[in-house]
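Open the model in your viewer and keep the selection tool at hand. The tour goes from pockets to a helix, then to ring pairs and a few backbone spots.

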Amino acid sequence: TMVRLPLPEDNDARRDLIIHEMFHRVQEKLKLNSPGATNNHLDTKDARILIKLEWEALRSALKNEKSTFKNDIKNALIFRELRRKKFPEAVKSENALEIHEGLPSYTGAKLGIADPKRRIEYVYKLIDKTEVLPSFVRSFAYYSGPLYGLILDRSNTNWRKNLKAEDDLGALTSAAFKIQLPKKLEKDYENILSKYNWQKI
């Protein structure tokens, strides 16, 4: 395993990085290797707004054990599906990068930070860092992966066991929590925007 220096000074970030890179070492053996995906659509205004809304809804879901947990997941999947309807050619490339980089990022947070509460706080901080990122084309999966992974961990499914390189983390989440999206996504989109920091985004 090769890790680029200098290592982060923060203990959690350092363990996250090292485990992330260790996962890459075994990724091909696990048949979860899907490199080479480009996601240039994420430099467009619409895609960028929708992915940030998706992250906000997922982050909100992680904050809530019961009260609005499932509803936040549903809303995140609405934002995700709307983006993919606008950019259908990008579905495969998004999925590929979420598996290729999102899974190592999830694994780094999951195994690198033992305390569940601190782990979630660490992922919140990761999302906060996206405020200053000029582009999500190559980086978005580093944030989507931990969010979806930690949410899937709360399901009654052994989701990691049968994971494949072509899987869709959003579809796995929808199935795990038995979420059915509304037929009129645009209408629901208008109704839920204000819950997820839309004005600031």
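Which element gives the largest share of the lining of the second largest pocket? The answer is α2, with four residues. Helices here (H or I, at least four residues) are DSSP runs, numbered from the N terminus.

Before selecting anything, note that this is a predicted model, in which local features need pLDDT of at least 70 and side-chain atom pairs count only at pLDDT 80 or more, while totals for chains, interfaces and linings use all residues. Residues are numbered from 1 along each chain as its sequence is written, and side-chain values use heavy atoms, with hydrogens and water left out.

**Stop 1: the second largest pocket**

Select K45, D46, I49, L50, L82, K85, K86, E186, Y189 and W198, which line the second largest pocket. A pocket is found on a 1 Å grid over the protein atoms alone, as an open set of points where a 1.4 Å probe fits, with protein on both sides within 12 Å along at least five of seven lines; lining residues have an atom within 4 Å of a point. The space in this pocket comes to about 200 Å³, where a volume is the space filled by probe spheres set on the points, and grid points are joined across faces, edges and corners. Colour by element, and α2, α3 and α8 (185-192) each supply at least two residues of the lining. Colour by class instead, and the lining has five nonpolar, no polar and five charged residues. In this scheme Ala, Val, Leu, Ile, Met, Phe, Trp, Tyr, Cys and Pro count as nonpolar, Asp, Glu, Lys and Arg as charged, and the others, Gly among them, as polar.

**Stop 2: the largest pocket**

Move to the largest pocket, with a volume of about 340 Å³. Select D16, H20, S105, L126 and Y142, the closest to its centre of the 13 residues that line it. The elements that give two or more residues to this lining are α1 (11-27), α5 and α6. The largest share, five residues, comes from α1. By class, the lining of the largest pocket has seven nonpolar, three polar and three charged residues.

**Stop 3: helix α6**

Select residues 141-152, helix α6. Its 12 residues should span 16 Å at 1.5 Å a residue, and the end C-alpha atoms are 16 Å apart, which agrees. The expected span is 1.5 Å times one less than the number of residues.

How many of the residues of α6 are buried? The count is 11 of 12, where buried means under 20% relative accessible area, exposed over 50% and partly exposed in between (1.4 Å probe, protein chains only). Among the buried residues are A141, Y143, P146 and L152. To see what covers them, show α2 (45-63), α3 (69-86), α4 (91-112), α5 (116-129) and α7 (169-176), which are included in the cover.

**Stop 4: ring pairs**

The structure holds six aromatic pairs. Rings of Phe, Tyr and Trp (its six-membered ring) pair if their centres lie within 6.5 Å; planes under 30 degrees apart count as stacked, over 60 as edge-to-face and the rest as tilted.

Select F79 and Y189, whose ring centres are 5.9 Å apart with planes at 85°, so the pair is edge-to-face. This pair links distant parts of the chain, from F79 in helix α3 to Y189 in helix α8, 110 residues apart. F79 is buried at 0% relative accessibility, and Y189 is buried at 16%.

F79 and Y196 form an edge-to-face pair, 5.8 Å centre to centre and with 90° between the planes. Y196 lies in the segment after α8, 117 residues from F79, and is buried at 3% relative accessibility.

Then select W55, F136 and Y143, which ring pairs link into a cluster.

**Stop 5: backbone spots**

Most residues other than glycine have a negative phi, and most peptide bonds are trans. Go to L5 and P6, where the peptide bond is cis, with omega near 0°. P6 is in the segment before α1.

Next, select K31 in the loop between α1 and α2. K31 has a positive phi of about 60° although it is not a glycine, and K31 is exposed, with a relative accessible area of 68%.

Where is N197 found? N197 sits in the segment after α8. Phi of N197 is positive, near 65°, and N197 counts as partly exposed at 34% relative accessibility.

Methods:
Contact = heavy atoms within 4.5 Å.
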